[in-house]
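Have the model open while you read.

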Amino acid sequence: MILPIYVYGSSVLKQKAEEIDVNNAPWLQELLDDMHKTMKNADGVGIAAPQVGKSVRALIVDGSAFDEEDWPGLSTFLRFMINPKIVWESEETAVYEEGCLSVPNIHADVTRAKRIRVKYLDRELKEVEEEFDGFACRMVQHEMDHLDGYLFTDRVSPIRKKLIAGKLGKISGGKVRTAYKCKIER
């Protein structure tokens, strides 16, 4: 089922998501399916459970929309991550412009670690430890932020934050147009 995407101003986006007890979560696979359908419907490349109103630690990153020439390896990059944890990150950083389904029509430069190592459960509930770099690394960090109650707008420079404040106010006030169903819940 395609779910509404919660947008800036929704309280679920500012909460730290709960770890999932995978032995007591019969709803988990359906949630992952719904999140994936919702992300694809909105032309997104990643989505976290809080973005569909569920304050649990699950996310999906999908690079299939990227051109193989521009982003080698991303066209086959798809990860379902349950209870992910960053266990290492590089001191070296990279800056790249980000956007977000929960912050429609706004983009800004964000500085993030250039490489990370993440431990998580995959869709089959197998434990995985994997290192990411490049744009895959950025997508994972962006979605993991959602699990801790952060949006990319929390990581932009103070000047940029002032410049987008009016647009953020409009989104939280319900004055936003998207090609997908969205929701604000305080």
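This is a predicted model: local features need pLDDT of at least 70, side-chain atom pairs count only at pLDDT 80 or more; totals for chains, interfaces and linings use all residues.

Helices here are DSSP runs of H or I with at least four residues, strands are runs of E with at least two, and both are numbered from the N terminus. Residues are numbered from 1 along each chain as its sequence is written, and side-chain values use heavy atoms, with hydrogens and water left out.

Buried (under 20% relative accessible area, 1.4 Å probe, protein chains only) are Leu28, Leu31, Leu32, Asp34, Met35, Thr38 and Met39. Looking down the axis, these fall within an arc of 165 degrees, so they line one face of α1; the arc is taken from the directions from the axis to the C-beta atoms. Their cover includes β1 (5-6), β2 (46-48), β3 (58-62) and β4 (78-89). Just past α1, aspartate 43 has a positive phi of about 60 degrees.

Now for glutamate 98, which sits in strand β5 (residues 93-100). It counts as buried, at 5% relative accessibility. Its side chain makes these polar contacts (N or O pairs within 3.5 Å, one able to donate a hydrogen and the other to accept it; sequence-adjacent residues count only if both atoms are side-chain atoms):

| Side-chain pair | Polar contact |
|---|---|
| Glutamate 98 – arginine 112 | 2.7 Å |
| Glutamate 98 – histidine 142 | 2.6 Å |

Neighbours within four places in sequence aside, glutamate 98 has contacts (heavy atoms within 4.5 Å) that include Ile106, Val110, Arg138 and Phe152.

Methods
Buried means under 20% relative accessible area, exposed over 50%, partly exposed in between (1.4 Å probe, protein chains only).
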